[in-house]
Amino acid sequence: MSGAHHFLTDTRFGAGPIHRLDPRAKILGFFGLTLVGATTPPTAIWAFALYFAILVFLVGLSRLPLRFLLTRVAAVLPFVAVVAVFLPFFHRGGGREFDLILGVTVTEAGLVMLWNVLVKAILGILSMMLLTLTTSFPELVAGLDGLRVPRVFTLIVSFMYRYSFVLLEEHRRMRRAMEARNHKGRWLWDTRIVGHVISSLFMRSYTRGERVYVAMTSRGYDGTMPAASPPGIHAPEAVFLTLIVASLTAIRIGVAL
Amino acid sequence: MHLPDGFLDTPTVLVTSTGALVTLSYAVRRTSRELGERTVPLLGVTAAFVFAAQMVNFPIGAGTSGHFLGAAFAAVVLGPWAAVVVMAVVAAVQAVGMADGGISALGANTLNMAVVAVFVGYGAHRALRPLLPPTIPGYLAGVAVASWLSVVVASGAVAVELAVSGTVPLRFALPAMTSVHMVIGIGEALIATTVLATILASRPDLVHSPPRGLSATARRGTSLTPPKTWGFLAAALAVALAISVFVSPFASQAPDGLERVGQDHGFDGAAESGDRGFTPISDYQLPGFENPALATAAAGLVGTLALFAILFGLGRAFSGRRSKAAAAGGAVAASLHPLGGHEHKDHRHSGHTHRGHSHSPHLPEETDPDHDHHDDHDHEHGGDS
């Protein structure tokens, strides 16, 4: 459909040691980095510098296309802009005040909040990008399976992944047919036509789901699926996890002191 | 509505994640029990549908666009617990697979889109269904209101989470979020009603919570429906109470007198920021919450209720008018009333509708299926466009 949905194409960018790691190690590492980053007080600027140093090092190792990475990271900026818009009205207690133009002032605490939102949002999206660009979606699901995420959940996710292609392709065909018939959605009342598209998408997907279920039953499906075993935790995974855990712990201890 | 990382503070992350996790694990168990081994294929494909449908943008006007959320729709068609699972799967895939929404905010995003939106939509739908005329337009009007409310209340939940975290004060976040989503909600309502009208016309057996004509037969067939309904209503009420519990501490925090509060906050803030700067937890005393904030929240509440009432009234008037018009031209749609006919014991397996039936004994007297269905005649084929 569009470039944003890169995961559907199952293309992996670049190749490197990070790509080959066991998905379980990568999920733990990058989730850990995001969560530890999101709970760090924003005033510890050096801590964020170190988080980004880790991420930049990993990006370098995995040789991802920088331009693509940066455009995706920029997608988070509109959210930050919304927070920024409210800052002049938001005189949270005290601190120095800074004059912007026309007597609009921003407090120091307000600026800290803006920094907090900006840095953590970028940190989060960057580490998720690193994870998904070095790990194919089936690998991710296998990794979640290995981490004891309930099997119903991972099975639904993997089904959803498979059928997303089919449904998006169906939607693309319908869209092309609409355009061929000169459809131009412009206003809210044109939404009704979008409703028709979604209706037939739903009917087709649900009946497909039923057909798939019948087909699976006829092949002996009893509600369970054979699990694929992930590569396993070896030396590279141990090194990767130890490095991440050690540096995150060190940084958080530094912040607390 | 997908919050990124960093917009919520640690306590909010913990509370929302716990809430989402508990609800989700209950929903998974409940759904597996109801659907059995069909759970995975059916919910997987439906999740793919919601995922694809969320990528279909609709125009709001002036170049901007919104997208379908599908929570209320999924709740009406699949039932609330399956809808929770489907919406949560979609939110998780968007966060992990597409970096849409942060990992630390995944609990909050799941709570907003998969729990609050689903149960508000389902609760409103179940509450309205007995009040509205038992016709297809009446039913669809209820679905429209439910869809609209689900989007608006979920956006309100986002605003509350942002305010509790101290990111944006409630008096800005609430009006900003809800006003935008009141417009987006109209698109949501239009899409949900169109899709449901189509499904009711061709596969009414798929709908978990069908129009009253159908549920009447179900109630006569099995005695299971009423207690279920109450359970769902109770769940919806619980969600609403949870939201008010989130909001009420701040209400009680604001004493009388605007100046006094301002003074207090000035002192508090200065003392605090001098000491330890900014830590996430210090945000728990919401700075922006003064009397104007309360006024805004109250205004939002009243406005929502008023809009709700207007939509409700319109729906009633609309459906009444349409039914009469339909009565005039009645017999045209005689071939289109499979709704009353079938037994509906297990609505998913009951399968195929009996198009040949000319009379449906289970329907209440005032409901003439021919008339009901006539209204949807004009859009039932639209899906193939």
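Good morning. I begin with B:Tyr26, which is partly exposed, with a relative accessible area of 35%. Buried means under 20% relative accessible area, exposed over 50%, and partly exposed in between, with a 1.4 Å probe and protein chains only.

A word on the source. This is a predicted model, in which local features need pLDDT of at least 70, side-chain atom pairs count only at pLDDT 80 or more, and totals for chains, interfaces and linings use all residues. Residues are numbered from 1 along each chain as its sequence is written, chains are lettered from A and ligands numbered from 1 in the order in which they are written, and side-chain values use heavy atoms, leaving out hydrogens and water.

Let us turn to the aromatic rings. Distant parts of the chain are linked here: B:Tyr26 belongs to helix α1 (residues 10-35) of chain B and B:Trp81 to helix α4 (residues 80-98) of chain B, 55 residues apart. Helices are DSSP runs of H or I, at least four residues, numbered from the N terminus.

Is B:Trp81 buried or exposed? B:Trp81 counts as buried, at 12% relative accessibility. B:Trp81 also pairs with B:Phe119: the centres lie 5.0 Å apart with planes at 65°, so the arrangement is edge-to-face. B:Phe119 sits in helix α5 (residues 106-128) of chain B, 38 residues from B:Trp81, and is buried at 2% relative accessibility. One aromatic cluster brings together A:Phe202, B:Phe49, B:Phe68 and B:Phe73.

I now come to charged side chains. The whole structure has 7 salt bridges over all chains (a side-chain nitrogen of Lys or Arg within 4 Å of a carboxyl oxygen of Asp or Glu). Which residue does A:Arg208 meet in a salt bridge? The partner is A:Glu170, with the closest N and O atoms 2.6 Å apart. This pair, too, links distant parts of the chain: A:Arg208 in helix α10 (residues 191-218) and A:Glu170 in helix α9 (residues 151-180), both of chain A. A:Arg208 and A:Glu170 are both buried.

Lastly, A:Glu179 forms a salt bridge with A:Arg175 at 3.6 Å between the closest N and O atoms. Because they are 4 residues apart in helix α9 of chain A, about one helical turn separates A:Glu179 and A:Arg175. Thank you.

Conventions. Helices (H or I, at least four residues) and strands (E, at least two) are DSSP runs, numbered from the N terminus. Rings of Phe, Tyr and Trp (its six-membered ring) pair if their centres lie within 6.5 Å; planes under 30 degrees apart count as stacked, over 60 as edge-to-face and the rest as tilted.
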